Amino acid sequence: MAEVALRNVVKRFDEVEAVRSINLDIPDNEFVVLVGPSGCGKSTTLRMIAGLEEVTAGDIYIGGEIVNDLPPKDRDIAMVFQNYALYPHMTAFENMSFGLKLRRFPKDEIKRRVDNAARILDIAELLDRKPKALSGGQRQRVAMGRAIVRNPKVFLFDEPLSNLDAKLRVQMRTEIKRVHQMVKTTTVYVTHDQVEAMTLADRVVVMNGGAIEQIASPHDLYHNPKTRFVAGFIGSPAMNFIRCHMEQNGAGLRARISDKISLPVPASLTARYQPHSGKALILGLRPEHLTEPRRSDRDQNCEFDITLDVVEPMGMETMVYFTVDGQEICGRVDPGSAKGPGEVMRLHANMNHMHLIDPQTDAVL
Amino acid sequence: MTSAALSAPAKRRLGARSSLRRNRRWALITSYVFLVIFAIFFLIPPYYMIVTAFKSDAEVAHMATNPWIIADGITLDQFRILLTQTDFLTFFKNTVIVTLCVVAITMVVSVLAAFSLGRMKFWGSSVLATGIFLTYLVPDTLLFIPLFQIVKAVGLLNSYWGMVLVYPTLTVPFCTWIMIGYFQSIPKELDEAALIDGASHMQMLTKIFIPVALPGIIAAMIFAFTVSWAAFVYPMAFLYSADQQVLTVGTVTSLIRADVYKWGMLMAGALLAAAPPLVIYAFLMDYYIAGLTAGATKG
């Protein structure tokens, strides 16, 4: 059990700076997910913690100790790889016990630990099988078992679910969460899938271009993104970014998004956005906050008519796409109230959930 | 909509399917024809060898008999004389010693070389790997002249231990090359997992890479075995007394005296000499093929 800390960590591959001076503190037993698009440096960061990549500059601490120059085996970490990386010539039992055998654990202790891990992962009856005879999900369980038996200070997961099909991925996601609750260990998990990040993490680290954009709890990340990148990356379908002009309207403010449509800023947010009055900004509004007029206490001023371009029924809800001033916007409406493409539909914008973004700095105001 | 309008495309579809089947049948017939020709062409010499080995000298020499069948009854005389009255057993023993040593040396050197060149990226490793392969491209018919000087200098001229020294120059480069490819096809996560599990480089090689690459290693082993079992130029050049001679050259030199060819014994000797590779191939064939096609498909 240990905390992990990164201090001004930099990784350079020749001329390319893959990781740019990142700082991160992970307390004991926390489940942290590094998320971001491919090439954002998340895997490199994980591999530096594992000791599979050297650190160009900065320090990595595990349990309060600088581990920059320690080889992976002396860092007391365990890692689960995307392609499982099981030893193909060994049975599941041998795969899981390999690390313990190399560390010269007594036989009965090895057996006890493997059996325990197999029980947690529900793979007890698969221990005699070789990886070839296991399904993708079972292989990933064995790979997790190999990590668990070591009882390491830190678990590292490198996109462990990317090779599984969609259904199994959801299953294994729950499994990983369950295992973490049973085997409390500091965990660093890398994924490009924001749903995985949101569902698993105690805290999410959003990375982009080798730097950290924001570190926050999933809830916070969703509701209070700090940058345009985070706002757009978290949530599916992505947040709508709509060019708008902030206009003074008596004591209040209005966000004008086209000649016809101008949406009032709620009174609770007026003070916050007052300094930006008169500026050209970007209005961020998630699809779930663009719905058919629903509640009785709705604000009639926030309603407007649009012509639908594309309609995507999802069963539970229907996505509607329309264009305002050449910008495609997505709304999320009740299937019963959705109109067909080409038809006019009345939508309601829940401006209490609006975000304003400065197009110059991409910061959320 | 009439029925004629409906049936026209249906007919066309049926026609397309039957022409597909006909196509496949032609492809099969053609392949069988060529495979049979190929098989016959390559099986005639061994067949001739086997038939002749079991004939008596009189029948072999008799011009009127059919060379393709044994007319005067099967006899083991050729084998008896070969094994009792010639140095054949000495040649066989020498060949076995040389081959075992060469295979052992080759495997140790090339597994270590391939592992370091293929997996432990270091400065110049790819140039070195190519360089090793280039040495294989120099034919032994050219190399034996300078090698003669070397073998003489180390005092191994006319000793089969000289063969143990020179055969690896043929086997090591090719085996290393085969195994570099094989080791490189093993995903790098496997060594990373082993590193994290706490394996040293040597443990990684012995506990992970050698078992995983076994098909490739066996393919390389068969190659080394074949080369050293069947080598002809080097023993011809470096060995000249019968007690040091190996099978290939020994059989030929001792059983052909001037223009007298002891065909029966030559064939019996060839048959006995071909037996060990045949047995080994038969047992390891599946591994050999798996090794040669490694990396062709995933998993």
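Student: Before we start, what are the ground rules for numbering and for the predicted model?
Tutor: Residues count from 1 along each chain as its sequence is written, and chains are lettered from A, with ligands numbered from 1, in the order in which they are written. Local features need pLDDT of at least 70 and side-chain atom pairs count only at pLDDT 80 or more, while totals for chains, interfaces and linings use all residues, and side-chain values use heavy atoms, with hydrogens and water left out.

Student: OK, the interface. Which three residues of chain A supply 30% of the area that chain A buries against chain B?
Tutor: Contact (heavy atoms within 4.5 Å) takes 22 residues from chain A and 17 residues from chain B. The two chains bury about 1,600 Å² between them, 68% of it on carbon and sulfur atoms; buried area is the accessible area (1.4 Å probe) that two parts lose on being put together, summed over both. The trio that supplies 30% of chain A's part, more than any other three residues, is A:Y87, A:H89 and A:L102.

Student: Which elements each supply at least two residues of the lining of the largest cavity?
Tutor: On a 1 Å grid over the protein atoms alone, a cavity is a set of points where a 1.4 Å probe fits but cannot get out, a pocket is an open set with protein on both sides within 12 Å along at least five of seven lines, and lining residues have an atom within 4 Å of a point. The lining of the largest cavity includes A:M79, A:R146 and A:R150 as well as B:I196 and B:D197. Elements are DSSP runs numbered from the N terminus: helices (H or I, at least four residues) and strands (E, at least two). The ones you want are β6 (77-80) and α4 (136-149) of chain A, together with α9 (188-197) of chain B.

Student: And how much space lies in the largest cavity?
Tutor: A search of the whole structure finds three cavities of 30 Å³ or more. A volume is the space filled by probe spheres set on the grid points, which are joined across faces, edges and corners. For the largest cavity that comes to about 70 Å³.

Student: Now the second largest pocket: which element gives the largest share of its lining?
Tutor: This pocket has a volume of about 330 Å³, and α4, α9 and α10 of chain B each give two or more residues to its lining. By class, the lining has four nonpolar, two polar and six charged residues. The largest share, four residues, comes from α9(B).

Student: How do α4(B) and α10(B) sit, roughly parallel or roughly perpendicular?
Tutor: Helix α4 (residues 88-119) and helix α10 (residues 201-212) of chain B pack at about 100°, with their axes 12 Å apart. Axes are lines fitted to C-alpha atoms, for helices over the stretch in contact, and angles run from 0 to 180 degrees between N-to-C directions. Under 35 degrees counts as roughly parallel, over 145 as roughly antiparallel, 65 to 115 as roughly perpendicular and the rest as oblique. So α4(B) and α10(B) are roughly perpendicular.

Student: Which residue forms a cis peptide bond with A:S236?
Tutor: Look in the loop between α8 (228-233) and β11 (240-249) of chain A. Omega is about -5° there, and the partner of A:S236 is A:P237.

Methods:
Ala, Val, Leu, Ile, Met, Phe, Trp, Tyr, Cys and Pro count as nonpolar, Asp, Glu, Lys and Arg as charged, and the others, Gly among them, as polar.
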